[in-house]
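These are my notebook entries on a structure that is new to me. I record what I looked up, entry by entry.

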Amino acid sequence: MSAVPAQSIPAPARTPGRPRWLRPAPEAVRRAKPRLAYAIIAVAGVAAIVVAQLLLSIAVTQGAYEVDKYQIAQAKLDRQQQQLREDLDRVQSPQYLAANAEALGMVPNANPVFLRLSDGAVTGDPAAAGAGTEATAPLVPNALIDGVPLVTEHPTGETPTQGKTPGAAGNAGEAIPARAPAPPPVDGSLPTPATH
Amino acid sequence: MNRTSRYPMRRILVFAVVMVVLVGVFVVKLVDVQIVRASALNVQAQDARSVPVTVYGARGDIVDADGQVLADTVMRYDIALSPKQAMKGDVTREVPDPADPAKTTEVDVPLEQVAAELGSVVGLTADQVQGIITAALADNPESDFAYVAKLVDTTTYEAVKALDIPWVVPYQHPSRRYPNGAVGGNLLGFLREDDGEPLAGLELSENDCLASENGEASYLHSLKDWVRIPGTEVVHKEAHDGGTLQLTIDADLQFFVQRIAEEQRRAVGADWATVTVMEAKTGRLLAVADVPTIDPNDPDATAEDDRGSRSFTAPFEPGSTFKALTAASVINAGKGDPLSRITADYRYLPPNGANINDSFFHGPTPYTMTGVLIDSSNTGMSIFGERLTDQQRYDDMLKFGLGERTEVGFSGEEPGDLHGGPGEWDNQTKYATMFGQGLTTTAVQIASVYQTLANGGVRMPVSLVDSCRTADGETTATTSEGRRVVSEKAADETSAMLERVYAEGWLADTWNIPGYRVAAKTGTAQVPDGQGGYLSGYLVSVSGFAPADDPEFVVSVSIMNPVKMNSSAASAPVFQEVMSQVLKKYRTVPSGAQAPELPATW
């Protein structure tokens with residue numbers, strides 16, 4: 001026996017230049033620790049949203065009370081406006097004006113007289129208005145001005161207050177705020193505008 | 001090893017199937033709730049948590065030609081209480097603590113005191129309020145609702161609210177108000193108080209313009225303090241306000257005219273009176289007075305017959321004011337002119353068997369047509385009227401707008417009665433219709449006849465309503481063209497004759513308006529009793545226009561049965577005062593020249 005040196009099958013020759021199919025995996029990169037910052041941002045975001053929503057909700061609710069307050073105030077002012085408008089309409093009704101005029105001693109003049117400027121001619125019969133015309137009140141009734149005092153019925157020198165007269169809580173019987181008649185600004189002659 | 005590991009797939013499968021089925025059920029339910037039945041459930045939820053409230057639309061205003069409000073809508077309140085709750089015990093109220101004004105303390109207020117407080121606010125006594133409660137409970141021991149007061153105003157409402165009684169609830173109740181009272185009340189009409197249903201006048205005939213529509217909305221509110229939760233309001237139905245109705249009437253003039261008419265009606269003891277003021281060139285009614293006049297704020301205070309507008313609804317035999325129409329017809333047909341000569345006796349017996357008399361005795365008089373009008377001779381007018389056929393006169397009456405309702409279309413307006421026409425007129429009626437008997441017209445129709453004569457023979461449509469402005473701002477105005485009825489010559493010559501009537505008639509001094517030329521005609525008409533005969537009283541009237549040289553205004557006055565002065569002398573002062581006021585108010589330039597002379601006799 002020849003001592004043939006035991007030969008192992010030669011390892012396949014490595015072909016240079018041909019990459020090896022297998023290679024050691026590169027050493028794993030150390031896995032990054034999960035960043036706490038992200039978590040914090042996410043949680044904080046959610047929290048912020050929740051808080052924002054809460055605040056908005058509070059604001060809306062607060063607004064609702066404010067809106068409600070204003071609506072109530074508006075309703076109240078509307079009622080007040082209606083009340084004042086009713087009073088105004090009442091006192092500017094022709095019956096009330098006529099009754100006041102009569103109470104102040106005014107009488108209607110049924111004799112119109114015209115002065116024609118072109119030739120100075122007077123048409124019509126100048127005649128003084130006669131007293132003795134029947135009082136207007138019963139002729140053209142107005143249930144709304146029943147009980148409304150005339151200008152002459154207010155105590156002089158005292159302007160009636162805007163408020164309600166105590167005890168006047170009827171349907172149409174409230175006192176109407178009326179101003180005491182101001183004396184006309186006349187000194188001997190009618191005021192004339194200065195024109196050129 | 002435990003059992004579960006033996007058939008792991010099977011368990012997972014079972015679990016998966018269960019999960020899928022479960023999720024499937026949820027999904028189906030979700031779709032059903034969120035999509036299929038979503039709206040129905042929403043409504044149900046809304047209904048369960050919210051109370052629908054009525055949103056009131058305001059009925060439109062009625063305003064005069066200048067915009068002065070004649071009728072408007074105001075909010076009134078009905079005060080109701082719950083008898084059952086009222087009897088449950090004392091009302092607990094927070095009042096300032098007498099010991100420490102900064103704090104409040106609760107006190108119990110007994111029913112008697114609460115009733116007294118409530119009563120004093122709404123104008124009842126404590127006993128009356130308690131009476132309401134006990135009466136309601138006697139009817140029904142579980143009674144939860146009874147009215148204490150209706151239609152109280154805002155002041156009272158505020159006072160009731162201030163009392164803060166838990167068992168008292170105010171309800172809104174829109175109501176109608178007429179700030180000028182009886183001014184134009186005859187035209188405006190009124191509403192039923194309970195439900196606002198229009199019952200008469202313009203409120204009724206123009207309801208399409210005025211009517212509003214109530215809406216409905218609901219919202220959620222917080223439990224404790226009843227604050228509206230934002231974004232929960234649901235409008236189920238929009239409320240719509242009514243339109244504003246503008247009339248041609250001038251409220252100040254209307255007031256003046258009503259005042260004069262009522263004063264005279266009382267002075268002469270008449271049943272009623274009407275005065276119509278119309279613009280001659282446009283046919284617009286400036287004032288329509290009917291006295292006695294209703295105050296629409298309180299319709300019950302006026303007798304039922306007096307609640308409307310007789311100017312539109314009460315036709316009467318016009319009498320001699322009608323002669324102007326016959327004269328215009330005769331001239332228009334070329335069968336006469338103001339100087340045409342006839343001889344008329346006080347009695348005229350035409351061949352057909354009729355019997356015509358004058359109201360005063362006179363022998364055979366050589367009248368011109370002008371003279372016939374001045375003396376208002378029935379026989380003379382009959383002789384002129386004969387020159388036309390009955391059909392011609394009838395056609396002219398129709399052209400003047402008689403026998404049909406005017407363009408106003410007032411509620412309850414009457415067309416007047418021409419008794420069918422010439423074919424149905426009997427022999428007496430054929431002549432009577434020449435001088436205004438045997439047919440009926442309304443006061444407004446007569447005013448319209450005079451408007452036609454004043455306007456050169458062109459009849460303008462009568463208008464009472466100027467326009468309707470809807471809440472959206474749209475305006476619908478009524479405009480229409482005039483219609484020629486008689487030739488301009490016929491109208492002008494008739495006008496000239498009526499000027500002579502005004503200047504020479506027996507009332508010339510009573511109705512004189514210095515500075516103006518006026519054309520006018522009186523009438524004293526018999527009033528049919530409805531059974532073919534005539535009543536003893538008369539309807540006295542005056543119709544006319546001024547200034548006659550360029551007519552601007554027509555005034556027509558009718559007074560029914562003035563027992564203290566049974567002639568047209570009763571109506572002449574009203575005509576004079578109203579016409580003066582109209583000319584004065586509208587700053588009409590006085591006439592320059594004198595009226596042309598026309599001989600009354602030959």
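Before using the UniProt record I note that its positions are given in the numbering used here, that feature names are shortened, and that annotations may be inferred rather than shown by experiment. I also note that the model is predicted.

**Entry 1: the annotated span.** I looked up what UniProt marks at residues 12-31 of chain B, and the record, an unreviewed entry, gives "transmembrane region". I then checked the fold of residues 12-31 of chain B in the model and found 100% helix and 0% strand.

**Entry 2: chain B as a whole.** I found 19 helices and 23 strands in chain B. The chain has 602 residues, and 53% of them are buried; for this I took buried as under 20% relative accessible area. I next asked how far apart in sequence the contacting residues are. Taking contacts in chain B between residues at least 6 apart, I found that 71% join residues at least 24 apart. For the accessible surface of chain B I noted about 26900 Å², with 52% belonging to carbon and sulfur atoms.

**Entry 3: the largest pocket.** I searched for open space and recorded a volume of about 2200 Å³ for the largest pocket. Its lining has 39 residues, and those closest to the centre are Ala75(A), Arg79(A), Tyr157(B), Gln172(B) and Tyr219(B). I then listed the elements that give two or more residues to this lining: from chain A, helix H1 (36-91), and from chain B, strands S1 (51-55), S3 (69-81), S7 (168-177) and S8 (215-219) with helix H6 (154-163). Which element gives the most to the lining of the largest pocket? I found that H1(A) does, with 10 residues. By class I noted 20 nonpolar, 8 polar and 11 charged residues in the lining of the largest pocket.

Entry 4: How many cavities of 30 Å³ or more does a search of the whole structure find? I recorded 1, and the largest cavity holds about 30 Å³ of space. I wrote down its lining as Phe316(B), Pro318(B), Thr321(B), Ile446(B), Ser541(B), Ser543(B), Ser556(B), Val557(B) and Ser558(B). Strands S22 (534-546) and S23 (553-560) of chain B are the elements that give two or more residues to this lining. The largest share comes from S23(B), with 3 residues. By class I noted 4 nonpolar and 5 polar residues in the lining of the largest cavity, and no charged ones.

Methods
Residues numbered from 1 in each chain as written. Chains lettered and ligands numbered in written order. Predicted model: local features only at pLDDT ≥ 70, side-chain atom pairs only at ≥ 80, totals over all residues. Heavy atoms only, no water. Helix = DSSP H or I, 4+ residues; strand = E, 2+ residues; numbered from the N terminus. Buried < 20%, exposed > 50% of the residue type's maximum accessible area, 1.4 Å probe, protein only. Contact = heavy atoms within 4.5 Å. Areas by Shrake-Rupley, 256 points an atom, 1.4 Å probe, with all protein chains shown as cover. 1 Å grid on protein atoms, 1.4 Å probe; cavity = no way out; pocket = protein on both sides within 12 Å on 5 of 7 lines; lining within 4 Å. Points joined across faces, edges and corners; volume = space filled by probe spheres on them. Nonpolar A, V, L, I, M, F, W, Y, C, P; charged D, E, K, R; others polar.
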